[in-house]
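Good morning, and thank you for joining this meeting. I would like to go through one structure with you, and I ask that you keep the sequence and the coordinates in view as I speak.

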Amino acid sequence: MQYKGFNLDPFQVEAIEAINLDISVIVTAPTGAGKTVIAEYAVEKCLQTNNRVIYTAPIKALSNQKYRDFQSLYGDRIGIVTGDVVINPYAQILLMTTEIFRYTIFDDITRLQDVSYVIFDEIHYINDIERGTVWEESIIFAPQHIKFVSLSATIPNIQSFADWMQSVRDIDIKVVEELERPVPLEHSLYYQGFGIGKIEDLKDLQRIAKKNSRKKKYYNSKSKKTNDNKWKDKDENNNAIPKGIVQTELIPYLHQEKRLPCLYFCFSRKRCESNAHYFSTLSEPNFLDDNKRELILNKFDTLCRQYDIVEEKKIEEFRDLIQCGIAYHHAGMLPTLKEVVERLFTSGLIQLLFTTETFAVGINMPACTVVFDSLEKFDGVNFRYLKAREYHQMAGRAGRRGIDRIGYVYSQIEPTYATFHEVNKAVSKTIEPINSQFNLSYSSILNLYEKFGEGIYDVYTMSLSNHQNYKRIEDIRKQIDQQDCQREQLPLPICIHDNIDAMRQIEGYYRQKRNTDDSLQRLYVELTTLKSRLPRGKTGKKERKKKIGPINYKMKRLQSDLSKNLCSQCQQRKQCLGRYQGIRKQEQYISNLKKKQTSLESYHQDQIGARLKVLESLGYIESETILPRGNTASHIYGYELQLTQLLYSGFFERMTEDEINCLMITIVSEPRKDGYFKKLKDTRMLSILEAATEEIIYIRKLEDKLNVAELVPHLETRLCTAMLAWSGGCSFDKLPEYADIDDGDFVRSFRLVIDQLRQIRRSMAGHTTLTEKLNRCIGKINRDIVDAERQLRIGQEQDLELTLENTDTTETLENSII
């Protein structure tokens, strides 16, 4: 079968046939296999039948990219709705984040009546701890007439996942699974100080590295003692390196073997930047010839002018990198500069791009080679090795279909500190299954409570969590039965005395002995302390006897009481005690299994119940009725309790626009431990924040009292002065005076405030004075580089011109290759 002039792979044909049958389809295939073609076919089918289609994406960058791609094809029939951008919201093809789709279901489900298909791109995000519940809720509560095209990277438990989806959807679901990549990958490890090898080489290299380390310490100690540099000249690498190791530096090797362009994944922003600057200072390798250097600089300058960032800081510094064919890309950069980098990388002129893992999600920008700076990353709490799913998601960017015969993946390893098991696990083909992250927010609970009332507890039975727990609970029940059988087969204690329950007898002795030992220990400490304080010699003898005597008496009495126990002198005591402890250990294990079973069966219902009690205590619900506060909170997602409490406490009426924006930034900001932040000195604003903090603390205490698992966060005030300055009209380049954070963090935080203000405005529709004030609040923030819609429209306007330029670039590159 052909589509758009290309011969389709069998799995693509299978999925398209399912779409032609008007059923849902789940497609799981490796990154870069061509899943997007299936989504595009569903879009075109909806256009032909005059139905609407919604395309959801996990991140805004992917939504924006798809919008640009589709806009060039479908013109005004395409629209986009994210937290940052609203363009043509009633279009036939609508791009949105999954959160917006979930909100639409709860806010006004009638808006989805004419939607035929919803496309879930990267549906394996259902496994995301923080956001996975959004996908789950969307699948459960979307109108039943809607069909899904669900696209995902490899999911090991795909059939179980599909079974759950089918259990909550009326329309049939087809599973299409593709395991082979169109461009196979060659995985290798780059061992620092040695070269390129395979996982099998790690143990040998660790042995050599340890020997070298010991030698280095020995030579250093000798050098210090003799003050002689001859020890430093010794060959430290005279151990036999495994034959399979290619002894080379990695990046020069990739250049020499024509394995560029390369996506080089680093797990910190600083590493991205420092690596880029380091390689740009090297004289070799030279990635670009004069023609390509001129071409990339012209494109870079043109894009910077179009996005109006020529005068922004770091642009000149970045230009120096670009002319070497090197760049970096991470969330701390200006969104516009990131888009410039993405466009340059798409052109094929950037040869070495250092990037964080966000570049691996959805954005269609493959390379010939992928390099991992490390297989360990900081996850916000600890350093850990990558999961196999994370590794393969990023590795999948290697190998360009139609260009590369093989894609190459290299992971940098430091043999001395690497753990063979963890490295092998990270790069293995055994990918972790996806698991439910179902966790209803207060807003979702309010919307569902309005629809189901007390029947909301049954909602959990429709979740993937419940579906997966059926098997887990069944497995636990089997374990309990097995352990019960083992428990019954254990030998019981046998008492030599008549008419004595041996189990009770040994248990009583064991308890008495434990209590006696504890008491004797306390008395011994008391006795030792007392002796150290009493006077010594003949003069203090009488006083010592008087005070020490009672303690000695108590100790002897305890020992005497224990000796009277039947088990005390019994020769079978040791055997009985061993049998008793074995039985109790088995019973404790069974008890823990039963607790785990109970937790799996009731945890989510308990959390729903706890949150309902919080809502009732705060006056959001009453007798299965949603009260005004509850109605407001049901239209806000993310910070619904905090914002609703502050709204109904009159904060927003009393504050100016700048003060509202300042308060909002404290609600949406995450805690930061380092970096400079200019302290807030405005006494009025400090008083407002103090009062707002009391409101938040009240909510947290209530949640804690009612056993809610995750409490609403505290206010974070470190960006207050920066927001006041920006809201007051300061230029973007002045913001570092108020906070030492990356440019991209400023933009993202301000856009998040805008998103929440829009939600409040929507929830308070009809309150004209307040909504007008909120409009002014948004206007004060949503300007210049923060304006996401402006950024998207600039890119949209220039796409045609850039397409023509890319055609010329491709011809130039092809000619240079020839």
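Let me begin with the second largest cavity, whose volume is about 50 Å³. Please bear in mind throughout that this is a predicted model. The residues that line this second largest cavity are Phe-438, Asn-439, Leu-440, His-604, Gln-607, Ile-608 and Arg-611. By class, its lining holds three nonpolar, three polar and one charged residues.

How many cavities of 30 Å³ or more does the structure hold? There are two. The largest cavity has a volume of about 100 Å³. Its lining is made up of 14 residues, and those that lie nearest its centre are Ile-494, Cys-495, Cys-567, Cys-570 and Cys-576. Two elements give two or more residues to this lining, namely helix 17, residues 502-533, and helix 19, residues 573-617. Which element gives the most to the lining of the largest cavity? That is helix 17, with three residues. Sorted by class, the lining of the largest cavity has 10 nonpolar, three polar and one charged residues.

A straight helix of 45 residues would span 66 Å, at 1.5 Å a residue, whereas helix 19 spans only 57 Å between its end C-alpha atoms. Where does helix 19 bend? The bend is at Ser-602, and it amounts to about 50°. Beyond the end of the helix comes Gly-619, which has a positive phi, near 85°.

I turn now to the salt bridges. The count comes to 42. One of them joins Arg-271 and Asp-373, whose closest N and O atoms are 2.9 Å apart. Arg-271 belongs to helix 9, residues 269-281, and Asp-373 to the loop between strand 16 (369-372) and strand 17 (376-378), so this pair ties together parts that lie 102 residues apart in sequence. Are the two partners buried or exposed? Arg-271 is partly exposed, at a relative accessible area of 36%, while Asp-373 counts as buried, at 9% relative accessibility.

Within it, the side chains of Glu-390 and Arg-384 meet in a salt bridge at 2.9 Å, N to O. Glu-390 is buried, because its relative accessible area is 17% and the cut-off for that class is under 20%.

I close with some points of backbone geometry. Which residues are joined by a cis peptide bond? Leu-260 and Pro-261 are, with omega at about 10°. Pro-261 sits in the loop between helix 8 (250-256) and strand 13 (262-265).

Two aspartates also call for a remark. Asp-22 is not a glycine, yet its phi is positive, at about 60°. This residue is found in the loop between helix 1 (10-20) and strand 3 (24-28), and at 42% relative accessibility Asp-22 counts as partly exposed. Asp-308 likewise is not a glycine and has a positive phi, of about 55°. Its place is the loop between helix 10 (290-306) and helix 11 (315-322). Is Asp-308 buried or exposed? Asp-308 is exposed, with a relative accessible area of 52%.

Helix 19 gives two or more residues to the lining of the largest cavity, and it bends at Ser-602. His-604, Gln-607, Ile-608 and Arg-611 are among the residues that line the second largest cavity. Thank you for your attention.

Note on methods. Residues numbered from 1 in each chain as written. Predicted model: local features only at pLDDT ≥ 70, side-chain atom pairs only at ≥ 80, totals over all residues. Heavy atoms only, no water. 1 Å grid on protein atoms, 1.4 Å probe; cavity = no way out; pocket = protein on both sides within 12 Å on 5 of 7 lines; lining within 4 Å. Points joined across faces, edges and corners; volume = space filled by probe spheres on them. Helix = DSSP H or I, 4+ residues; strand = E, 2+ residues; numbered from the N terminus. Nonpolar A, V, L, I, M, F, W, Y, C, P; charged D, E, K, R; others polar. Salt bridge = Lys/Arg side-chain N within 4 Å of Asp/Glu carboxyl O. Buried < 20%, exposed > 50% of the residue type's maximum accessible area, 1.4 Å probe, protein only. Expected span 1.5 Å × (residues − 1). Bend = angle between axes of the 7 residues up to and from the residue.
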